Amino acid sequence: MLQLKDLTLTVEGENGPHNILNDVSLTVEDKKFIVITGPNGGGKTTLAKVIMGLATPTAGQILWNGEDVTDLDIAQRAKKGISYGFQQPPRFKGMKVRDLLQIAAGRKLNHAEACSYLTKVGLCARDYVDRDVDTSLSGGEVKRIEIATVLAKDADLMIFDEPEAGIDLWSFAKLTETFRELHDRQEKTIIIISHQERIIKLADEIVLIAGGQIQHKGPAGDMYDKIMAQVVAGCNKLV
Amino acid sequence: MLNEIQKRILQEVADLANVPESGAVNIRSNGKKAFRRNTDNIIIESKSDKDGIDIHIKPFTKKENVHIPVVVTETDRHDVVYNDFFIGEGAEVKIVAGCGIHNCGDCDSSHDGIHTFHVGRNAKVTYVEKHYGEGEGTGKKILNPQTVLYLEEGASVTLETVQIKGVDDTKRYTKAVLGENAELVVQEKLLTHGEQYAESEMDVFLNGKDARTRVVSRSVAQDKSVQLFYPRVEGNAACFGHVACDAIIMGEAKVRAIPEITCNHVDAGLVHEAAIGKIAGEQILKLMTLGLTAEEAEEKILEGFLR
Ligand SMILES: Nc1ncnc2c1ncn2[C@@H]1O[C@H](COP(=O)(O)OP(=O)(O)OP(=O)(O)O)[C@@H](O)[C@H]1O
Ligand SMILES: [Mg+2]
């Protein structure tokens with residue numbers, strides 16, 4: 001179980017201190033599949049980074065399986081089963097796709113195993129395993145390889161940050177299929193940050209974040225219609 | 001014939017556990033010939049006027065290897081060697097040179113290898129040169145290789161140079177003259193640490209029509225080490241050349257890269273790129289999310305970069 005307690009992240013802005021996250025509390029039960037959505041700049045990525053240890057909260061606590069992990073570093077959290085797929089993944093000169101997948105899996109992968117993760121994100125595996133994860137890959141390719149590394153890590157908690165971003169229709173269909181399988185197998189706790197209706201609709205629960213706060217959360221069915229109604233009304237706060 | 005230290009050095013510089021079972025071989029140890037074997041197609045002869053060997057590779061020799069490692073294990077030894085390669089038309093060979101110094105003493109040890117290649121028409125050569133130094137003494141391990149290449153029409157040479165460990169001071173000079181339709185690929189890999197100094201200077205002359213070169217230099221400078229790159233390419237015909245210097249800088253190291261391209265022909269197309277920077281923080285963070293510590297992440301990134 002993941003418990004976020006009163007997380008606040010304050011930065012010094014031009015007009016004084018500014019809360020990117022403001023008193024965020026959230027509990028995600030084991031094996032649940034939740035989607036976080038909300039307007040750009042709302043604080044979604046920051047929240048994910050705080051959970052992974054990539055950003056440090058000014059106040060609050062993160063409990064994972066009952067243990068306080070707030071002071072653990074990224075690698076320590078990774079070893080405890082937390083994983084995160086970057087919204088904007090970095091590239092590596094000289095590192096091959098297969099190397100990255102092997103680091104993620106924590107062991108040597110044979111060709112078929114390495115390929116299977118790539119197939120799950122809609123990449124024709126044969127063409128990619130031995131390529132460098134450098135600037136020769138397109139944005140959508142790097143993004144899909146990033147998702148594949150999270151799948152290869154196979155952690156108990158997987159956080160994906162806008163997995164759909166920059167991905168073509170065909171790969172998106174494959175990706176949605178992969179997320180649906182993850183959902184149906186109910187073996188992992190999944191948090192997906194997304195703006196996509198088809199992903200949002202997979203969720204057991206939707207969390208709407210805006211202005212650094214959780215504005216609303218609830219089951220996917222009614223939430224999506226409520227959000228859309230608010231979007232149409234030109235407002236991103238649910239009342 | 002070889003002691004344990006010599007064997008280990010051989011492993012480092014030539015990937016040889018012992019004397020290779022096939023192909024031509026010449027092992028030089030502390031300034032003397034330690035072993036030699038010729039094949040039907042490859043004849044190695046000692047020079048009579050100065051230190052070094054002539055290596056004759058018959059035309060149309062196919063898929064043979066030549067190993068010519070050098071091992072220095074004495075302190076205060078200063079070796080200067082001239083090796084000349086005569087590679088016949090249409091031959092296809094891989095030549096593995098390399099020098100390892102084990103210096104336990106307090107005097108400097110050095111090896112200056114001057115290698116000249118005459119590469120015949122349509123011959124294909126891969127030349128691998130690895131440099132390695134070890135030993136606890138305060139004496140410096142110094143290597144100053146010179147490689148001079150003459151490529152006839154249609155000849156193709158891939159030059160791989162690797163220096164990853166233990167060489168305190170190195171000045172490398174490479175010169176290549178390319179005829180019509182000849183091709184030169186240079187892949188340079190270098191890691192310096194401590195207070196080491198490494199310099200690599202290169203002149204490539206693209207003299208023949210459709211001559212091509214690609215120079216890729218990847219280096220890592222750690223601690224207080226200093227590196228200097230000076231690759232120059234001159235296009236004197238309709239030709240193509242690309243030079244890329246890419247360096248990762250760490251600690252208090254200093255790296256200077258000064259690529260120079262000169263076009264003396266309207267159809268010469270030459271490009272250079274040079275980038276020096278530290279490891280991107282995002283890369284380390286990403287690998288940490290996969291469970292590596294910051295140190296392990298750094299190691300993986302450097303390993304990939306220099307592979
Ligand atoms: N280190 C920082 N310093 C100052 N402001 C920051 C910092 N990091 C993020 N922000 C700001 O915090 C807000 C939330 O950013 P965040 O990336 O979490 O948004 P998001 O909800 O993921 O948006 P998007 O949908 O565009 O990905 C933004 O206004 C952003 O500019
Ligand atoms: Mg974001």
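1. By class, the shell around ligand 1 in this predicted model is made up of eight polar, three nonpolar and two charged residues. Altogether 13 residues surround ligand 1, and the closest of them are G41(A), K44(A), T45(A), T46(A) and Q87(A). Helix α1 of chain A, which covers residues 44–52, provides the largest share of this shell, namely three residues.

2. For T45(A), a polar side-chain atom lies 2.7 Å from a ligand oxygen, while for N40(A) an N or O atom of the side chain is 2.9 Å from an oxygen atom of ligand 1. A polar side-chain atom of H195(A) lies 3.5 Å from an oxygen atom of ligand 1. Taken alone, ligand 1 exposes 640 Å², and the protein buries 57% of that area.

3. A separate point concerns the packing of two helices in chain A, α4 (residues 111–120) and α6 (residues 139–153), whose axes come within 8 Å and cross at roughly 125 degrees. Because of that angle, α4(A) is described as oblique to α6(A). As for handedness, the crossing in which α4(A) passes α6(A) is right-handed.

Notes
Residues are numbered from 1 along each chain as its sequence is written. Chains are lettered from A and ligands numbered from 1 in the order in which they are written. This is a predicted model: local features need pLDDT of at least 70, side-chain atom pairs count only at pLDDT 80 or more; totals for chains, interfaces and linings use all residues. Side-chain values use heavy atoms; hydrogens and water are left out. A residue is near a molecule or strand if one of its heavy atoms lies within 4 Å of it. A polar contact is a pair of N or O atoms within 3.5 Å; within protein, one must be able to donate a hydrogen and the other to accept it, and residues adjacent in sequence count only if both atoms are side-chain atoms. Accessible areas come from the Shrake-Rupley method with a 1.4 Å probe; for residues, only the protein chains shown count as cover. Helices (H or I, at least four residues) and strands (E, at least two) are DSSP runs, numbered from the N terminus. Ala, Val, Leu, Ile, Met, Phe, Trp, Tyr, Cys and Pro count as nonpolar, Asp, Glu, Lys and Arg as charged, and the others, Gly among them, as polar. Axes are lines fitted to C-alpha atoms, for helices over the stretch in contact, and angles run from 0 to 180 degrees between N-to-C directions. Angles under 35 degrees count as roughly parallel, over 145 as roughly antiparallel, 65 to 115 as roughly perpendicular and the rest as oblique. A crossing is left-handed if the near helix is turned anticlockwise from the far one by less than a right angle, and right-handed if clockwise.
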